[in-house]
Amino acid sequence: MILKLCVKEVLRFLLRVFYVFRVKSNRVLFESYSGERICCNPFYIYDNIEKIVGSNVEIAWSVKPKCNNEYADIKCVKRFSLSYFKYLMTAKVYITNIGGYDYIPFRKTQIVINAGGAYKKIEKDFYDIGRCQWLYNRSILHFSKATSYFLSSSYSTTKCMSSAWNLHEDKFVKLGLPRNDVFFSAQKMNELSNCIRDRFNIKQSDFVVLYAPTFRNTTSSPSYDWSLKENELLEAVKKRFAAKRVILFLRYHMCLFNSLSFNSKMHEYTSTVRDVSDYPEMQDLLCTADMLITDYSSSVWDYSFTYRPCFLFTPDLEEYKKKTDFYTPIEEWGFPICKTNEELRKQIEAFDENKFKQAMIRHHENLGSYEKGTATEEVAKIILSHIDH
């Protein structure tokens, strides 16, 4: 961590060489998950803006070489290449979804837009690096100064992210997240669901369960049994929801592939168990899923606006609380918490739609939801107000 922070300080100094290039008032750079994918909030914003501005605005995406780019018409720049840094230092607007730009010496005329959630503790509320904490605090200061707007999904998000990133509340855009607008349109949800079902050859009558565990920073075998007993799960779903055929989508966090204890290859894939980890857009899968099973992923917030069944499979809950912990106690989220496969089976079989919907409504109220289904359009207006188009 200390070495990484020192490298960032050096980069901040060296990248000032790009000040010889002026900021282009019609250039916009997008980046999702540090260039891993073209998706999430940045993509929803891009899709809206691209339809409005046409060829008058220069739009590009930062991507890694292994990025699964399904959009042939999108202009891309290789992350960490000279072109990438030139675009970063000359773009009028830079839009990302996970931060990580504290090493970039953005100029005051540049606009930086970020977004985040409010479940797991992060950054300043999570890290403690002892004697060199001052160096980390300096990194946070760079981040907060560079951030022009932070897209917020709720009052809780605003409060927690303000603490984690040392951001002034005035920088928060309290309109919800662009990626969640889709859940306020039944037509759009149906269209995306139909596309996914066609892509993976899933019938309309099939009941789709999406299992999407979050990232765990471990490479050793855990002391708990994290594996999902797929056959028991499928049988419980068939029994409770009278489903003739249940399809299980396995969606692993992109960082989990390097973790021995969370290797998706440990599963045997069949006609009813599919690995959809490579599919870039999580929201499309959420629109398709008739049920979500996750743990501490922010996808539970997104999916809660569908009011469809959602369960937390958390065999490592106590360990996770000690290592990471939450801003909002998990017991207050309103989702059934299952520490074992047996508990998951029982919770599924006893699921009550009305009680669950009321729990989700309370959850939205408790966190002070800003979601209304209009975030993409409103954020696009903010961006357009800063660029020549």
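1. If you want a residue pair to click on, Y211 has I293 in β11 as its bridge partner. Bear in mind as you go that this is a predicted model.

2. On its other pairing, β11 meets strand β12 (residues 310-313), again in parallel and again through 3 bridges. Here L292 sits opposite C310 of β12. So what covers the faces of β11? Both faces are covered, with M291 and I293 buried on one side and L292 and T294 buried on the other.

3. Now zoom out to the whole sheet. It is an open one of 6 strands, ordered β10-β9-β8-β11-β12-β13, with parallel pairing. Which strands stand at the edges? They are β10 (273-275) and β13 (337-338); each has a single partner strand, so one side of each has no neighbour in the sheet.

4. At the β10 end, strand β9 (residues 246-250) is the partner, running parallel to β10 with 3 bridges between them. The pair to look for is L250, which stands opposite D275 in β10.

5. Helix α7 is worth a look while you are here. This helix (residues 230-241) lies across β8 (207-211), β9, β10 and β11 (291-294), and runs at about 135° to β9.

6. α7 also has a helix partner. Two packed helices are described by the angle between their axes and the distance between the axes. For α7 and helix α11 (residues 341-349), the angle is about 15° and the axes are 8 Å apart. That angle makes the two helices roughly parallel, and the crossing is right-handed.

7. Who does the touching between α7 and α11? From α7 come E232, L233, A236, V237, K239, R240 and F241, and they meet N341, L344, R345, I348 and E349 of α11. Sorted by class, this contact has 6 nonpolar, 1 polar and 5 charged residues.

8. The other sheet is open too, with 7 strands in the order β3-β2-β1-β4-β5-β6-β7 and parallel pairing. Its edge strands are β3 (76-78) and β7 (172-173), each pairing on one side only. Inside this sheet, strand β1 (residues 24-30) pairs in parallel with strand β2 (residues 58-63) over 4 bridges. V28 has I59 of β2 as its bridge partner.

9. Y149 is a handy residue for getting your bearings, and it lies in strand β6 (residues 149-151). Is Y149 buried, exposed or partly exposed? Its relative accessibility is 21%, so it counts as partly exposed. Leaving out residues up to four places away in sequence, Y149 touches I111, V112, I113, N114, K171, V173, I382 and H386. As for D170, it is 21 residues from Y149 in sequence, with 8.5 Å between their C-alpha atoms.

10. Next, the α2 and α13 pair. The axes of helix α2 (residues 40-53) and helix α13 (residues 375-384) come within 9 Å and cross at roughly 60°, so the two helices are oblique to each other. This crossing is right-handed. On the α2 side the contact uses Y44, I45, N48, I49, I52 and V53, and on the α13 side T376, E377, V379, A380, I383 and L384. The class count is 9 nonpolar, 2 polar and 1 charged.

11. Last, two backbone spots to check. C40 is not a glycine, yet its phi is positive, near 60°. C40 is found in helix α2, and its relative accessible area of 4% makes it buried. N201 is another non-glycine with a positive phi, of about 55°. N201 sits in the loop between α6 (186-199) and β8, and at 64% relative accessibility it counts as exposed.

Methods. Residues numbered from 1 in each chain as written. Predicted model: local features only at pLDDT ≥ 70, side-chain atom pairs only at ≥ 80, totals over all residues. Heavy atoms only, no water. Pairing = 2+ DSSP bridges. Contact = heavy atoms within 4.5 Å. Axes fitted to C-alpha atoms, helices over the stretch in contact; angles between N-to-C directions. Parallel < 35°, antiparallel > 145°, perpendicular 65-115°, else oblique. Left-handed = near helix turned anticlockwise from the far one by under 90°. Nonpolar A, V, L, I, M, F, W, Y, C, P; charged D, E, K, R; others polar. Buried < 20%, exposed > 50% of the residue type's maximum accessible area, 1.4 Å probe, protein only.
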